[in-house]
Amino acid sequence: MASYGDMRRWQPGPLDGAEQQLKVRSDTLPWLADDLSRASKQNGWHGMAADAAAIKRAQLADGMEHIVAGVTAARTALMAASDGVMGLKNLVSDADGIAQAHGFSISDAGEVEDPGLPPDVPAEQADMMRQEREKIKAELLDRVQQILTRAVEIDNSLADVLGRIGRGEIHDGGATTLAAAAEAGAAQGITTPQIPGPPPNPPTDPGAGDHGSDPWYARGDDLFMKDLAGTAAMFADGAGWTHASAHLRHYLDNSGTDLTVSPDEMMRDVDRFRGEVDKTTAAEMRRVAAEAEANGTHGKPIQFSSGWKGEYLGPEDSKDWYYAMGGVQYSVTGVATVHPPEQPGGESRIEMDYKAHLLDRYNWDGGKQTEIGPVTITDDSMAEMHRAGVAQEFNVSGSTDAKHYAGPVPPPGQRPELPAPPDNRDGTRTDPGRK
Amino acid sequence: MNCYQVIIDALRKAGIAAESAGEQVGAVDLAGTLTSVADALPGSRSVQAATGVANAWTDQIEHWSIDAQKLGQGMSASADHYAASEDAAEADLGTAFLSGVRPF
């Protein structure tokens, strides 16, 4: 896989050059093939030799149609890669510029290096500045991640088309002319971008520690606590906190397996969370529109990813989701096509398909306690069960259904009319998994 | 020149033209266009994929060129056979007249 240092050296020019050279060199092929076809088709020539020549002529015509289809597929893919690299170089330049402006550097391995605070920072400002630098570092890491993701997409698209040409998988679409074969090839040189999956999982907090790390003879209290927690799960379910109950039960079943949750349900239940996701989506729309404007990629589908964002769901948002998740990470990924304003000074329009993703590590590592029914649950006692090996932490993740938006690019501060989460709660008592 | 002779000459010319087209296609270097992918995208998967395409194109062009030349050569050879047959037929007829056989 190419590194961030490689991205710095990526350049669109040689791809454009290859495409142009390919055009010039391949331009002679159709008329040479026509020459051959005309020459081998002689009026008045009949018999077995003429029939054998006709068969060979047809084979050669078919062979040339496949070559031409492959060449046009390669040209289309090279042009698309060139456009992609042009945009990527701007992203790299932006990230490097931000790093330099704040005294950071980004290594070829994509690591953000912080030389620390200048020695003349007053002591009373040091904490604040350190926090500020942490934020900038996080943003830079996020940008590096997006650049790497985008680079992989560009590379995969080109490599996939080239791979298919190399394996002879580019067909001529049943063409009977070289022009039709060229058209069929061009259509296969474009890989329609799909909605990217969620970004790679960010590092999680250490949680309670290693599962089952406590000695067996110290587990008596934990088994008692496990019974109590089971009672709490039952009360939570009775109170309609069905996600909280399901997640707690999964913790207690001690499997440690991943659990899937629907961000659509969370967005439907917690309007503030939906607002945050929509704000992030709108910010991505503006970013993609600015990128299309800067790179001249209007009308071309562009993949995007917001990177992970942190959000905390408090009890005032929803007790169910507060107990089920608490702090979560979410991201928005999609494919957007930006159309320029119809008139100078008008609004750009955007068409996009996108998903929101959710991620959380279900663990207990704070110093809080909460009452669920008659049961008082403390973070410490819950974490202790994981260390005792009678319950186990797990990852919670999920993605929304694909959503579609077509409309103006929203100006900063304006929340666009994005599709509402579907209201498809089939179970009773608001439980999506209820049987 | 009779009609048969016209076809033989046209076939011979067409064979030469076909062979020439084959030779010219053989000289088209498609593979060489992709070497710059390595300059454009160092460290990428595409570099290896481009090498695969370059090899495939080299093979395809070479085979097409050889086959086209063989077709042209075959047409020229056919023209030679037809001409030889014509000469032989003419010689046969000439021998028959010279031996004093009277036509009916």
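This is a predicted model: local features need pLDDT of at least 70, side-chain atom pairs count only at pLDDT 80 or more; totals for chains, interfaces and linings use all residues.
What share of the 435 residues in chain A is buried? Buried residues, meaning those with 20 or more other C-beta atoms within 10 Å of their own, with C-beta atoms placed from the backbone, make up 39% of chain A.

Residues are numbered from 1 along each chain as its sequence is written, while chains are lettered from A and ligands numbered from 1 in the order in which they are written.

Chain A has 12 helices and 11 strands, taken as DSSP runs numbered from the N terminus, with helices being H or I of at least four residues and strands being E of at least two. Helix 4 of chain A, with 54 residues, reaches 79 Å from its first C-alpha to its last, close to the 80 Å expected at 1.5 Å a residue, where the expected span is 1.5 Å times one less than the number of residues. Just after helix 4 of chain A, A:Gly103 takes a positive phi of about 75°.

Turning to the contact between chains, 38 residues of chain B are in contact with 44 residues of chain A, contact meaning that C-beta atoms, placed from the backbone, lie within 7 Å. On the chain B side, the largest share, 15 residues, comes from helix 3 of chain B, and helix 1 (3–26) and helix 2 (37–40) of chain B also each supply at least two residues.

Definitions and conventions. Two residues are in contact if their C-beta atoms, placed from the backbone, lie within 7 Å. A residue is buried if 20 or more other C-beta atoms lie within 10 Å of its own, exposed if 12 or fewer, and partly exposed in between; C-beta atoms are placed from the backbone.
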